[in-house]
Amino acid sequence: MDIILAHRQIDFDALASMVAAQKLYPSSVLVLDGKPNVYVQDFLALSKDQLRFLKSSEVDINDVSKVVLVDTHELKRAGMLGEKISQTPGIEVEIYDHHPYNGPIKPGMFIDHVGSCATLLVEKLAGFGLPLSAFEATLIAIGIYDDTGSLLFDSTTVRDVRAVAYLLEQGANLGVIAEYLRKPLTEEQKELLQQLLDHGQTEFFEGLPVYLAYAETEEYVGGLALLAHRVGELEGADTWFLLVRMDERVYIVGRSRGRGLPVNRLVKVFGGAGHERAASATIKDGNLESILKKLRLTIKSRATRPHLVRDMMSYPVKTVSQETRLGEVEKILLRYGHTGVPVTEDKSLVGIISRRDVEKAVRHGLQHAPVKGFMTRNVVTVDSNATLDEVQRVMVQHDIGRLPVVEDGELVGIVSRSDVLRLVHGGAVPFETQLVRERSIAMRQDILDLIGRLPVNVQGILEAVRDTAQEEECSVYLVGGFVRDLLLSVPTQDLDFVVEGNGGQFAQALIKRLPEGKLTQHVQFGTAQISFPNGSHLDVASTRVEYYSFPGALPQVEESCLRDDLFRRDFTINSMAICLNSERFGELVDYYGGKRDLQQGKIRFLHNLSFIEDPTRMLRAIRFARRYNFKLAKETLEALFTAIETGVLLKLSVERFTEELFIIFHEDNYLSMCQTLIRSGLFQAWFGEDYSWNFNNDDDQESLNWSINIRWLSGISKMGPEDIEKIISRLSLSKTLREETQILVHLQRKLQETLTLRELDQVLSKVPNGVITVLERDERFQQSIKDYQEAEHRIRMTLDGKALLQMGFKEGPKIGEILEQVRTAWLEGQIHSPEEEQEIVQRWIESQR
């Protein structure tokens, strides 16, 4: 018998998922274990003819051959029957769930992060073209609407919306859906809601507000999820928890709007589960007061300081004095693209002058007048320790786009609407296009000055690109790392160009102006490369956008515009472009705030799924941060730890991880980068254990001259042979490096023994220099290596096979044996000069006659 199970106290999403699953597995039986919530009970009471369930007590576990588990991935949450099944071997289990899951995805597990579990089943039904009755479509739609708050919860995805659209096409009745979702509260629920409001208050943990409410009732009252929604609406909280004791159990329900705490991590302490924005736990025979106390301690341990103005503001701030002429202010505003500029006196803010006021004054011929006569003196400011919510409130209340930030009365920064939007939406929000253009034009002369300092051959290439763009009538941009490093005044030789048009055609036209180059085209990827005799090269590509079919996958590429092309990149500092067309040559295009992050020393990703789509970006984030001595922006650092915890790194191929890791070993600051990889937990997440890596700062100067192979071997040199074997099984090493690693493992074992100089010579004489360099730094083997090297240094052997033949020895293996004996005698100090070498060989000859 095949059965379908869900968690106890099923809600509409679980019920909908069970019904949808039965359409996929038509011979299966629906089984209820536990009491559904009150609304589901009402629905089932009217639907007995359409939905037939067995009670768990009616199921003989010996008859069960397969279980389809929905809306949870833990059999223990499916009641006593689920517990028995988990302990019974031989029963096949398939899982459909949308709750967070950090373990390995095995065959038969369909787990994905969508707003409703029913969405996953609807996608399967649609894929197989299985028809639904109007009743089935309506029930399944109720499940999706219920679990996504009618598609309004932050957990809702586009896939949920598409699933609902499909169900409407199948005949889902919106009137029935509304009736079940809008049912008024029962008297028991109203009384419970009043208790929760009476016993609720907002408490602050590290400055983070959390609303906590508790209540108690003798009888079980269903619909806690609905009550949690109502409390959230009434209190306007970002994070809130309800604790209700009833029916000899304490129920914890947590909710978050996404800007607060991840509630699933908090209820996990109590054995619960759920999403970051919705989670719950049930504690049998628990004490309400002690649980509330434990919850407070748990929140306090997990709470992090909320985003403060100091985290998002731009600094240093361009200011003017009261005596600055309006004409000069106009130039400053144009150059930096600002809509206003603060006026200071001895670092204290005394006013602000807007671009609008400056333009009006200049039109009236007042460009020589000082600022003090036209500035606004009653300036709305914000403290550097103000929170994101406070900033939003002030901006909305006063309709201000840029707020000066003060600390102890002094101007320390400025925060704009764009800064706030980036944090609110969890990623980079593009600047308004015209503002970008104004800032770009203002910076153009600075960039032209930087280009003028480039090597002559690089300037020649840029000019050739400019002329080709005019000939081909297309827009061309210099992008990526070269732009970043140019602005940091450390330009590299890696030239990358994108073309809003046909990149391959542009490359064919460009090569005519660069006759010394060799063109290689990659038609499949829409890219081309021109290589030069000195080993350098440039890359040309059409502007494109990338999609990732699953975490860790290689991107799928489609043509797109420049904005999308820049948005597909890893970090804001790598998402800038410089226009190379004649009329805009040298103009910076910076949609995502890369220039600001360069100035502030921040590594910031472009959107929240950046590390999920491409986990190699986690290694790159650390590499760039340590290379430039930058810091990861707060949301980027949080996302890195979240990505590590979710296990997404393990979706990478061994080859891609290895490639990204060994790019780090090419960096001068690789030691610091590797230490950060260890501290962040990234190495442990990939290799599975916390190994004894050896990346010490003591080696910093000497390691600058080491080859990549030596750097790698030194990094694993403190590990035992068994650990090294495990490490290399998780990497795709080159043949040479794998051989040298295996030699190191072999020598670590061999040198543990007490060896004579002759035995050491047999072991070490043909070992690569890199391995010797690493071994002689290991205190376990230093003395043996030193003794051998000193003995080897004494060898001034003059005899060879030809000389022995002339002395009368017959050709054959005997010659090799004698040469080995002579070398050993040198090593052991029996021979000190070529003369003694001749004498000892003569004695051997005479002794054999």
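Predicted model: local features only at pLDDT ≥ 70, side-chain atom pairs only at ≥ 80, totals over all residues.
Student: Why is H666 called exposed?
Tutor: The relative accessible area of H666 is 55%. Exposed means over 50%, buried under 20%, and partly exposed in between (1.4 Å probe, protein chains only). Therefore H666 counts as exposed.

Student: What does H666 touch beyond its neighbours within four places in sequence?
Tutor: H666 is in contact with I708 and R711. Contact means heavy atoms within 4.5 Å. The C-alpha atoms of H666 and R711 are separated by 9.1 Å, and the two residues are 45 residues apart along the chain.

Student: How far is the backbone oxygen of F662 from a polar atom of the H666 side chain?
Tutor: The distance is 2.7 Å. A polar contact is a pair of N or O atoms within 3.5 Å; within protein, one must be able to donate a hydrogen and the other to accept it, and residues adjacent in sequence count only if both atoms are side-chain atoms.

Student: How do you know whether L152 is buried or exposed?
Tutor: L152 has a relative accessible area of 71%, so L152 is exposed. L152 is found in the loop between helix 5 (134-147) and helix 6 (158-169). Its C-alpha atom is 10.0 Å from that of G115, 37 residues apart along the chain.

Student: Why does T468 count as buried?
Tutor: T468 has 0% relative accessibility, so T468 counts as buried. T468 belongs to helix 18 (residues 456-472). Beyond four places in sequence, T468 is in contact with F506, A509, L510 and R513.

Student: Which strands does helix 18 lie across?
Tutor: Helix 18 lies across strand 18 (475-479), strand 19 (495-500) and strand 22 (537-542). Helix 18 runs at about 5° to strand 19. Axes are lines fitted to C-alpha atoms, for helices over the stretch in contact, and angles run from 0 to 180 degrees between N-to-C directions.

Student: What is the strand order of the open sheet of seven strands?
Tutor: The order is 20-21-22-19-18-25-26, with mixed pairing.

Student: Why are strand 20 and strand 26 said to stand at the edges?
Tutor: Strand 20 (518-522) and strand 26 (587-589) each have a single partner strand, so one side of each is left without a neighbour in the sheet.

Student: What makes strand 25 and strand 26 a pair?
Tutor: Strand 25 (residues 577-579) and strand 26 share three bridges, in the antiparallel sense. Two strands pair if DSSP finds at least two bridges between them. A577 stands opposite V589 in strand 26.

Student: What makes a set of residues a nonpolar core?
Tutor: Such a core is a set of buried Ala, Val, Leu, Ile, Met, Phe, Trp, Tyr and Cys residues joined through side-chain atoms within 4.5 Å. The largest has 117 residues, and F657 is among those with the most contacts inside it. Helix 24 (residues 616-628) gives the most to this core, with seven residues.

Conventions. Residues numbered from 1 in each chain as written. Heavy atoms only, no water. Helix = DSSP H or I, 4+ residues; strand = E, 2+ residues; numbered from the N terminus.
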